[in-house]
Amino acid sequence: MGTVRGAAPVKMFAGLLASDVSMFEKVLPFLEEKFGEIDSESPVIDFSKYTSFYDREMGSGIKRKLVSFKELADPMSLADAKLITNGIESVFADASTGCRRINIDPGYIALSKLVLASVKERPHRIYIGKGIFAEITLQYRGKSFRPWEWSYEDYASDEYVSYLNRVRESYALQLKAAGI
């Protein structure tokens with residue numbers, strides 16, 4: 001019989017989408033208030049080259065920014081993180097239409113995977129409570145994150161993977177410093 005033990009803390013991050021890149025700077029203080037200090041930010045990435053899925057709601061020319069948080073977290077906090085980010089999205093929604101002006105998807109990096117939270121049920125997602133599902137979007141294998149057949153095209157790109165590998169390296173150092 002295996003020995004039951006708790007999960008290691010994880011590195012929380014958020015993926016932000018907006019057609020107006022000034023929204024990123026407006027939202028970052030809200031994220032830091034809820035999740036702590038941001039220790040890494042990706043460059044602004046052209047999200048529109050991957051999909052036009054959000055154009056109808058948020059406008060064309062959507063950009064992405066990824067940020068990670070310094071403080072490690074319990075992986076069980078992912079559902080609460082998604083509810084918090086949904087609330088922040090509502091604060092910044094267009095008052096006249098109710099449309100989001102920013103989309104914030106929280107997730108976490110563990111040594112073996114990258115997990116995203118979603119409100120949408122799909123066959124490859126696990127319900128984690130409070131109306132939230134978790135998806136293992138990338139696996140860490142062969143010294144890099146690798147996509148699954150269901151991985152979002154942007155998260156599977158070299159551009160994102162390069163940044164996420166650096167965040168994972170930082171996370172591994174944090175675990176080592178904590179003796180985990």
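How many bridges join β8 to strand β9 (residues 144–147)? I started my notebook with that, and I found four, with the two strands running antiparallel.

**Entry 1: ground rules.** I am working on a predicted model, where local features need pLDDT of at least 70 and side-chain atom pairs count only at pLDDT 80 or more, while totals for chains, interfaces and linings use all residues. Residues are numbered from 1 along each chain as its sequence is written, and side-chain values use heavy atoms, with hydrogens and water left out.

Entry 2: My helices (H or I, at least four residues) and strands (E, at least two) are DSSP runs, numbered from the N terminus. I call two strands paired if DSSP finds at least two bridges between them. Gln-139 stands opposite Arg-146 in β9, and I also noted Gln-139 of β8 as the bridge partner of Lys-113. β6 and β8 are antiparallel and joined by six bridges. Between β7 and β8, also antiparallel, I found four bridges, and there Tyr-127 has Phe-133 of β8 as its bridge partner.

I then looked at the turns. Two residues lie between the strands in the β7 and β8 hairpin, where Lys-130 has a positive phi near 60°. The hairpin of β8 and β9 also has two residues between its strands, and Gly-142 takes a positive phi near 65° there.

Is β8 mostly covered or uncovered? I found it mostly covered, with seven of its 10 residues buried. For me, buried means under 20% relative accessible area, exposed over 50%, and partly exposed in between (1.4 Å probe, protein chains only).

**Entry 3: helix α3.** The buried residues of α3 include Leu-78, Ala-81, Lys-82, Ile-88 and Glu-89. Among the elements that cover them are β1 (10–18), α1 (22–35) and β8 (132–141). I checked the helix length too: the expected span is 1.5 Å times one less than the number of residues. The 14 residues of α3 (residues 78–91) should span 20 Å, and the end C-alpha atoms are 20 Å apart, so the two agree.

**Entry 4: Ser-68.** I located Ser-68 in strand β4 (residues 63–73). Ser-68 has a relative accessible area of 1%, so I put it down as buried. Its side chain makes a polar contact of 2.6 Å with that of Asp-39. A polar contact is a pair of N or O atoms within 3.5 Å; within protein, one must be able to donate a hydrogen and the other to accept it, and residues adjacent in sequence count only if both atoms are side-chain atoms. Beyond neighbours within four places in sequence, the contacts of Ser-68 (heavy atoms within 4.5 Å) include Lys-11, Phe-13, Tyr-163 and Val-167.
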